[in-house]
Amino acid sequence: MSGSLPRPVRWGTVSSSAASRPGPIAAVAPLSLCGREPHVPADRLVAEMVPPPRFDSVRFTTYIPDPNQPSQTEAVRVLEGFAAGLGGASAGERGRRRLFGLGKAAKKGPTGPRGVYLDGGYGVGKTHLLASLWHATPAEPALKAFGTFVELTNLVGALGFQQTVRTLSGHRLLCIDEFELDDPGDTVLVSTLLGKLVEAGVALAATSNTLPGKLGEGRFAAADFLREIQGLSAHFRALRIDGEDYRHRGLPEAPPPYSDDVVTRVAHATADASLDAFPDLLDHLARVHPSRYGALTDGIGAVCLTGVRPVPDQSTALRLVVLADRLYDREVPVLASGLPFDQLFSEEMLNGGYRKKYFRAISRLTALARDAKRLADTV
């Protein structure tokens, strides 16, 4: 990838290309997410396993560590060395060497753990660092894969387990963002998949979130991760990254919800904006597989929602989390009426087994609501 790199961003500020998008234009008919039913072929799922648009241009040099958090500087140092060590033969080439009895040549590669796990709270820059590792690894894009835990499980569902193993075994690096520890079945599935890939010589990198209330408890999330992936733990080096959520630190509070009238006027005045009633959108998400939520947002410049209210059940909440991730990846502003986003999930949900996902969704939707404020200010 060529071109000049963006200005470095300190992880206490927000830099979003969304802020540079054109403002409202003459009245247009808004789009509707509820009117879309995308069909995504399996080969697109594989081809799209690259860092999302929000992280397309990040590099280690654009991650400026907080001087009060030495663990951030240390993480950059370790990851730069890890990326440099991934040069040389690809995983497929190493496999062929073993097959033809050239094991000694294969052993000349890097020693030590073949995986790194970034352990930290929300908004400390783990995805920035994971994407930077992907960009820094000296291999063709086709030999590197980047996706969330959910996207990886969706890939297995689309291709089947054995085909997924064959597809990824020739890669030099697999990056898994937001490794989920709350679904035992999916964790065992992905753990088994990673075991096959490690055997094939694929290097691994993963992130997950420590709950805000657990930040003072050392390696809480890392311990969970290493326990859940069982026999793979020896292949990972855990890196703790401390810090505050950059999406909210030092910034004004998220704008309060707007009126239905303002949301509707913004939708009609903004190019490529969608307009949907929140309850209708929740119902529609139940009819679209989560692996298609990225395609659902293709070409959407802003999401306008009326009547935001608490989600009624856990299945609906988990689908909304996936949509929030895809909107955040694509830097799509979200303007809404009704309740603020920090009231989407009940106390029971926020204290339950999927609480990490819900905290992440609140953080990301709040950031996207800030991005949308400029749209409301112009109508």
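Biologist: Is Phe 179 buried or exposed?

Modeller: This is a predicted model: local features need pLDDT of at least 70, side-chain atom pairs count only at pLDDT 80 or more, and totals for chains, interfaces and linings use all residues. Residues are numbered from 1 along each chain as its sequence is written, and side-chain values use heavy atoms, without hydrogens or water. Buried means under 20% relative accessible area, exposed over 50%, and partly exposed in between (1.4 Å probe, protein chains only). Phe 179 has 1% relative accessibility, so it counts as buried.

Biologist: How many aromatic pairs are there?

Modeller: Rings of Phe, Tyr and Trp (its six-membered ring) pair if their centres lie within 6.5 Å; planes under 30 degrees apart are stacked, over 60 edge-to-face, and the rest tilted. By this rule, the number of aromatic pairs is 2.

Biologist: What is the angle between the planes of Phe 149 and Phe 179?

Modeller: Their ring centres are 4.8 Å apart, and the pair is tilted, with 55° between the planes. Phe 149 is in helix α6, while Phe 179 is in the loop between β5 (173-177) and α8 (184-199), 30 residues apart. Helices (H or I, at least four residues) and strands (E, at least two) are DSSP runs, numbered from the N terminus. Again, the angle is 55°.

Biologist: Is Phe 149 buried or exposed?

Modeller: Its relative accessibility is 2%. Phe 149 therefore counts as buried.

Biologist: Which residue pairs with Phe 345?

Modeller: This pair is stacked, at 4.6 Å centre to centre and 20° between the planes. Phe 345 lies in the loop between β10 and α14, and its partner is 13 residues away in helix α15 (residues 355-376). The partner is Tyr 358.

Biologist: Where does Thr 153 sit, and which residues does it touch?

Modeller: Thr 153 belongs to helix α6 (residues 149-159). It is buried, at a relative accessible area of 14%. Contact means heavy atoms within 4.5 Å. Not counting residues up to four places away in sequence, Thr 153 touches Asp 186 and Val 190.

Biologist: Why is helix α5 largely enclosed by the rest of the structure?

Modeller: Helix α5 covers residues 126-136. Its buried residues include Leu 129, Leu 130 and Trp 134.

Biologist: Which charged residue sits over the ring of Trp 134?

Modeller: A charge sits over a ring if NZ of Lys or CZ of Arg is within 6 Å of the ring centre and within 35 degrees of the ring normal. Here the charged end is 4.3 Å from the ring centre. It belongs to Lys 144.
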